[in-house]
Amino acid sequence: MTEINTTPLVDVMLVLLVIFIITALLFHQAVPVDLPRVEASRLDDRPKVIALAIDASGKIFVEGLAVSRKALAARLAELALAAAGGQPELHLRADRGTRYERVTDVLADAHALAWREALS
């Protein structure tokens with residue numbers, strides 16, 4: 001037998017077509033509901049983002065400016081106060097060569113600051 005029998009394929013396709021037509025008609029039979037119109041604008045709820053980066057040598061940069069570890073908490077607190085309307089997001093980027101200990105120290109400082117602000 002050198003020919004391909006396409007009859008079963010056509011049968012299956014016709015069944016699928018009939019099922020699709022029946023279900024498509026069901027989607028249009030809904031209860032009409034007159035919903036109220038709203039003339040409000042969408043609120044922009046995105047929090048302020050504080051960009052914090054650590055390079056391979058362990059230097060800390062907040063918003064692109066180099067900051068010592070001792071001054072990090074004060075700088076983060078200053079930026080958090082400037083973010084009116086809630087707590088800002090902290091985006092931390094660390095170089096691949098950065099020691100993990102340095103990253104955890106910076107995260108611990110930011111976490112301690114967040115708890116201090118939450119308690120006050």
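Me: In what order do the four strands of the open sheet stand?
Reply: Good place to start! This is a predicted model, where local features need pLDDT of at least 70, side-chain atom pairs count only at pLDDT 80 or more, and totals for chains, interfaces and linings use all residues. Residues are numbered from 1 along each chain as its sequence is written, and side-chain values use heavy atoms, leaving out hydrogens and water. Strands are DSSP runs of E with at least two residues, helices are runs of H or I with at least four, and both are numbered from the N terminus; two strands pair if DSSP finds at least two bridges between them. The pairing here is mixed, and the order is β3-β2-β1-β4.

Me: Which strands stand at the edges?
Reply: An edge strand has a single partner, so one side of it is left without a neighbour in the sheet. That describes β3 (65-67) and β4 (89-94).

Me: What is the bridge partner of I54 in β2?
Reply: Strand β1 covers residues 49-54 and strand β2 covers residues 60-62. They pair in the antiparallel sense over three bridges. In β2, the partner of I54 is I60.

Me: Which helix packs on the sheet, and what angle does its direction make with that of β2?
Reply: Helix α2 (residues 69-82) touches β1, β2, β3 and β4, where contact means heavy atoms within 4.5 Å. Axes are lines fitted to C-alpha atoms, for helices over the stretch in contact, and angles run from 0 to 180 degrees between N-to-C directions. For α2 and β2, the angle is about 15°.

Me: How do the elements of the chain run from the N terminus on?
Reply: The chain has three helices and four strands. Their run is α-β-β-β-α-β-α.
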